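Colleague: I should like to go through this model with you, one question at a time. Please show it first.

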Amino acid sequence: MLVMFKVKNYTSFKNESILDMRATAYVQHPTHVIRVNGKHDLLKTTALYGANASGKSNLISAMFFFEQYIFSQFINKNENGDFESNEIGMKMKLEPFGLSNDTNNASEFDIIFLHNDNQIQYGFECTAKEVLNEWLFINDKKVFERTGTELSFGTKYQKMLGAYKKLPAERLYVAVLEYFLDDEAKKAVLGDFIAFFSREYNVFTEILFESTVKGLAGIIGLSKKLVGNTAYRKKVEHYLRLIDVGIKRLDVQTETIFDEHTGKKRDEKVVRTVHDIYDEAGNIVGEKLFDLRQESTGTLRFLAYIQNIIEMISNGGVFIVDEMSARLHPLLTKLIVDIFCSSQNKKAQLIFTTHDISLLNNNQFRRDEVVFVDKNERGESSLYALSDLKVREDATFNKDYLQGKYGAIPIFNYDDIIGGELNG
């Protein structure tokens, strides 16, 4: 479970900004809060609102960069969702804040999460060429801290880690430990860290453009479980029927496919949707199979989401989505939010950006679940929650937001537009 994520000097976030998933003492919507380990009250959802170019996507990008920077150094997900050791992989592009004469090119990232009854804090400060600082704490006890290539250890971990002090400037120390530690020590130091990122931390940044989806429906990423697990597939089918897009069920067949790259034929599982055929009287007289590319982009996007959501509601996880409501009817977006907010959800969190103000009301969200991303005249983004403002619990969130009471909206003069350029 995610507690907090911090970013500093990355894209439009020049100053420190913190996404805080800790719940306030509000009594509204008690099912929207998960109590973890009997003492931590965490929000199940956070909705990020703001104007275009305010920095919403940059926050998701920071969360994605943080994950991928680690992956590029020592851990990659294999087909089973596990990690594999790897040398330094692709170089992630680091983008410090660029609208200042400040020459600081170091970006900072920090995360606090809960896993297996333990609280983990990990972060680093880096440039495009080297890691400047790095730290890891477990249950508020120092595992290690690093400044440049100098290391210090917590008392509990000194003996376990003290032999591994040789540290390249460009490499994360957690990557060094993952490579050199024996299995027992690795489990003690990095077990929860690796398990969280491999199985629970999911950043969904893919934007499904219509031409791409229609040309290559496979981009939605059908899971092997959807193809091979009948019980799981029935859960997905239940939600597809629930959203009333005409899909009766999913059909999975093994077909022989010609691979243009290898010039050889191979067997592949192919998923199609099943629709009823009706006569003039409205009676069902048969069925017809559709290729996925024949479905709407909104349906394909929902299919991509719901696979992840079912897994996370069952097993736990953090679903981080940029522009979740894009190409989805507002009621489908609401359905996804309601799944996460339901009393049945005991393990999963949803963080998403949106412009859908139909959700922005006190029946849908607590005040601490709504976070605004705003950008000042210097191009600097900042985060603040509705709970940070003096807002009544019975306020009309969406109306007040559009009237500019909370900020984080586009600023322009309608009179200038209507009376100026359009009539000029």
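Modeller: Two strands are said to pair if DSSP finds at least two bridges between them; helices (H or I, at least four residues) and strands (E, at least two) are DSSP runs, numbered from the N terminus. This is a predicted model, in which local features need pLDDT of at least 70 and side-chain atom pairs count only at pLDDT 80 or more, whereas totals for chains, interfaces and linings use all residues. Residues are numbered from 1 along each chain as its sequence is written, and side-chain values use heavy atoms, with hydrogens and water left out.

Colleague: Which residue is the bridge partner of D276 in β16?

Modeller: Strand β15 covers residues 264–278 and pairs with β16 in the antiparallel sense over 6 bridges. In β16, D276 has as its bridge partner E287.

Colleague: Which residue forms a salt bridge with R272?

Modeller: A salt bridge is a side-chain nitrogen of Lys or Arg within 4 Å of a carboxyl oxygen of Asp or Glu. The closest N and O atoms of the pair are 2.5 Å apart. R272 lies in strand β15 and its partner in strand β14, so the bridge ties together parts that are 17 residues apart in sequence. That partner of R272 is E255.

Colleague: Are R272 and E255 buried, partly exposed or exposed?

Modeller: Buried means under 20% relative accessible area, exposed over 50%, and partly exposed in between (1.4 Å probe, protein chains only). R272 has 17% relative accessibility and counts as buried. E255, with a relative accessible area of 25%, is partly exposed.

Colleague: How many residues apart in sequence are the parts tied together by E134 and R146?

Modeller: The side chains of E134 and R146 meet in a salt bridge of 2.8 Å, N to O. Both ends are buried, E134 with a relative accessible area of 1% and R146 with one of 2%. E134 belongs to strand β10 (residues 131–138) and R146 to strand β11 (residues 141–147), so the separation in sequence is 12 residues.

Colleague: Which residues are linked with R378 in a network of salt bridges?

Modeller: R378 forms a salt bridge with E377, with 3.1 Å between the closest N and O atoms. R378 is partly exposed at 47% relative accessibility, while E377 is exposed at 70%. The residues in the network with R378 are K14, E377 and E380.

Colleague: Against which elements do the buried residues of α9 pack?

Modeller: In α9 (residues 330–341), the buried residues are L332, T333, L335, I336, V337, I339, F340 and C341. Contact means heavy atoms within 4.5 Å. The elements that these buried residues pack against are β5 (45–49), α7 (230–242), α8 (297–315), β17 (317–321) and β18 (348–353).

Colleague: Which residue in β19 stands opposite L48?

Modeller: Of the 5 residues of β5, 5 are buried, so the strand is largely enclosed by the rest of the structure; T45, A47 and Y49 point one way from β5, and T46 and L48 the other way. β5 pairs in the parallel sense with β18 over 4 bridges, where T46 stands opposite I351. On β19 (residues 370–375), 3 bridges join the strand to β5, also in parallel. There, L48 stands opposite V371.

Colleague: What is the distance from the first C-alpha of α8 to its last?

Modeller: In α8, 14 of the 19 residues are buried, so the helix is largely enclosed by the rest of the structure. The helix is followed by G316, whose phi is positive, near 95°. The expected span of a helix is 1.5 Å times one less than its number of residues. For α8 the expected span is 27 Å, and close to that value is the distance in the model, 28 Å.

Colleague: What percentage of the residues of the protein chain count as buried?

Modeller: The protein chain contains 11 helices and 20 strands, and the structure holds 22 salt bridges. Of the 424 residues of the chain, the buried share is 48%.
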